[in-house]
Amino acid sequence: MYTLTWPEPSTEGLPSDKAPYDSLTGWHYDATAVVVRDGRIVYVGADSGALARRGPETRVIDLAGHVMLPGLVDAHTHVAELGQSLERVNLTGVATEAEAVERIVQRAAETPKGEWILGYGWDEGAWANRYPDKRLLSARVPDHPVILRSLHGFAAWANQRALTLAGITRETASPAGGEIRTDARGEPTGLVLNRAVPLLDDAVPIPAAAQRDAQLLRALHVMAAAGYTGVHEAGVAPDVMDSFERLAERDSLPLRVYAMLSARDSALIRRWIVRGPFTSANGMLTVRAVKAYFDGALGSRGAQLLADYADRPGHRGVSGGAYGFDQRLVADAMSVGFQVGIHAIGDAGNRATLDFIDSVTAASPKARGLRHRVEHAQIISVADIARFATLGVIASVQPPHAVEDKGWAQTRVGADRMAGAYAWRTLRRAGAALVFSSDLPGSDWSPFYGLHSAITREDTSGAPSGGWYPAQRMTPEEAVRGYTVWSAHAAFDEHDAGTITVGKRADLTVLNIDPFRAQGPALLRGEVVTTLSRGRVTYQR
């Protein structure tokens with residue numbers, strides 16, 4: 001096992017002198033056995049020391065040479081959407097409108113007329129210059145309302161029946177920060193962008209409590225099977241929050257949930273401002289963070305830029321109040337002790353977000369030291385990078401986004417702005433804290449995919465050879481820390497998680513490969529062997 005109890009690597013990624021590493025032979029494990037009692041680690045070291053503590057009721061698990069790490073945590077998820085998506089039509093990787101519609105036709109054939117058909121996963125970035133419309137979808141599937149969310153949720157595509165149920169007509173005005181696409185006659189095309197997406201989402205009936213509980217449990221067990229012992233759920237809506245609380249009270253959560261309340265629901269935030277941060281009795285649910293949105297996505301050209309989009313002169317994206325960012329609401333939450341994680345993707349969006357955090361922490365003592373986060377931090381002005389460290393703001397980034405966006409990101413922003421784009425090494429070098437995640441279900445949540453993306457900056461086919469902007473790559477140690485030590489820090493959980501240490505929770509992940517030593521494609525072939533949360537086996541291969 002790698003306990004990760006040694007000091008942090010340098011900002012260039014060089015291992016500490018106390019790390020189990022040497023320049024000739026590379027990395028090697030620093031312990032071989034762990035003992036757990038009542039959900040806590042009581043011993044870490046050699047086999048002999050562990051076996052000496054064995055009693056008549058001790059369960060001994062022989063990991064047969066596999067590799068144990070501190071429990072992996074995905075620090076930016078949407079497991080509620082994952083739970084729903086497991087029931088939806090998966091359009092991930094679909095290349096054309098016709099192929100997507102054909103999948104919906106197949107689902108319609110087995111769905112009673114009138115029932116909703118939901119899909120997700122078509123790529124709003126790759127499709128940005130050829131967005132679909134309602135014509136083919138309405139013609140092929142006329143008897144079911146259909147809404148197809150995009151890969152990252154910043155676009156949605158609907159048929160006419162769904163538009164009708166959502167009340168979207170030629171008279172419907174685009175909301176601030178959003179766009180209802182219309183044709184030459186002024187009729188809605190069925191495609192909505194950015195802050196117009198909720199117009200369609202809100203038409204879909206909210207799942208009943210039992211259904212929502214089942215969706216969340218299914219998704220969380222999927223995450224346990226992927227090796228995770230915790231998630232940071234970004235943007236929790238009221239019904240999902242209720243479900244998490246029910247599951248925590250029943251001690252049914254298979255892994256720890258760090259819930260970030262959705263700032264798009266002002267009533268929810270106001271209730272929690274009165275209630276204050278909360279951790280369940282069993283420690284499996286913590287609510288002490290708020291998720292807000294400052295701008296949109298780069299793929300759909302919603303991210304706010306300091307200068308025009310390189311591929312759309314005169315356009316700089318949407319942000320701030322126009323994108324539903326309620327400064328007063330978020331500031332009030334910060335002022336009573338809630339961490340804030342603000343979605344900011346463009347360089348203007350990141351600058352304004354840093355300005356906002358700076359202003360609130362300067363005015364409110366209780367808002368300081370809360371490890372506020374910028375979620376995504378994709379395109380940053382080089383002049384602003386050092387401010388992350390100065391302000392103590394965590395850059396919450398998604399390694400898969402870099403390898404997924406590489407085909408069009410530079411087209412959006414131009415070559416000059418790439419110096420601060422997906423700039424993990426530059427952020428580290430400036431002293432900023434990072435944390436890694438998948439942003440599922442928009443990206444594959446496999447930890448092997450995430451680690452591979454961080455370490456190589458190559459896609460699953462190995463392109464481009466040597467990595468996309470390879471100077472920004474992470475070392476294997478940094479990549480593993482991004483899902484363990486750094487995720488614990490981002491959730492104020494470092495005293496209970498992040499390393500394999502006596503006294504901490506027995507949150508442990510066992511893999512069949514060594515991510516410190518595996519190279520390139522070998523890392524992608526890895527498998528999870530066992531996941532333990534509080535010493536309980538939540539997944540075993």
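This is a predicted model: local features need pLDDT of at least 70, side-chain atom pairs count only at pLDDT 80 or more; totals for chains, interfaces and linings use all residues.

I begin with the largest cavity, where strand 13 provides the largest share of the lining, namely four residues. A search of the whole structure finds three cavities of 30 Å³ or more, and the largest cavity holds about 140 Å³ of space. Its lining consists of 18 residues, of which Val73, Arg256, Asp493, Ala497 and Arg505 are the closest to the centre. Two or more lining residues come from each of strand 13 (228-236), strand 14 (256-262) and helix 18 (485-490). By class, this lining has seven nonpolar, seven polar and four charged residues.

Strand 3 (33-37), helix 1 (47-51), strand 5 and strand 22 (528-533) each supply at least two lining residues. The classes here are 19 nonpolar, eight polar and nine charged residues.

Two of those contributors, strand 5 and strand 22, also belong to an open sheet of four strands, arranged in the order 5-21-22-23 with antiparallel pairing. Which strands stand at the edges? They are strand 5 (67-70) and strand 23 (536-540); each has a single partner strand, so one side of each is left without a neighbour in the sheet. On average, and with direction ignored, neighbouring strands of this sheet are turned by 20° against each other.

Strand 5 pairs with strand 21 (residues 508-511) in the antiparallel sense over four bridges, and Val67 has Leu511 of strand 21 as its bridge partner.

My last topic is helix packing. Two packed helices are described by the angle between their axes and the distance between the axes. For helix 7 (residues 209-225) and helix 8 (residues 238-249), the axes come within 9 Å and cross at roughly 70°. Helix 7 is therefore roughly perpendicular to helix 8. On the side of helix 7, the contact involves Ala209, Arg212, Asp213, Leu216, Leu217 and Leu220, which meet Asp239, Val240, Ser243, Phe244, Arg246 and Leu247 of helix 8. Seven of the residues in this contact are nonpolar, one is polar and four are charged.

Helix 8 has a further contact, with helix 9 (residues 266-275); here the axes come within 11 Å and cross at roughly 40°. These two helices are therefore oblique to each other. Helix 8 contributes Pro238, Met241 and Glu245, while helix 9 contributes Leu268, Arg271, Trp272 and Arg275. This contact has four nonpolar, no polar and three charged residues.

To close, I would recall that helix 8 meets helix 7 through residues including Phe244, and that the contact of helix 8 with helix 9 includes Met241. Thank you for your attention.

Notes. Residues are numbered from 1 along each chain as its sequence is written. Side-chain values use heavy atoms; hydrogens and water are left out. Axes are lines fitted to C-alpha atoms, for helices over the stretch in contact, and angles run from 0 to 180 degrees between N-to-C directions. Angles under 35 degrees count as roughly parallel, over 145 as roughly antiparallel, 65 to 115 as roughly perpendicular and the rest as oblique. Contact means heavy atoms within 4.5 Å. Ala, Val, Leu, Ile, Met, Phe, Trp, Tyr, Cys and Pro count as nonpolar, Asp, Glu, Lys and Arg as charged, and the others, Gly among them, as polar. Two strands pair if DSSP finds at least two bridges between them. On a 1 Å grid over the protein atoms alone, a cavity is a set of points where a 1.4 Å probe fits but cannot get out, and a pocket is an open set with protein on both sides within 12 Å along at least five of seven lines; lining residues have an atom within 4 Å of a point. Grid points are joined across faces, edges and corners, and a volume is the space filled by probe spheres set on the points.
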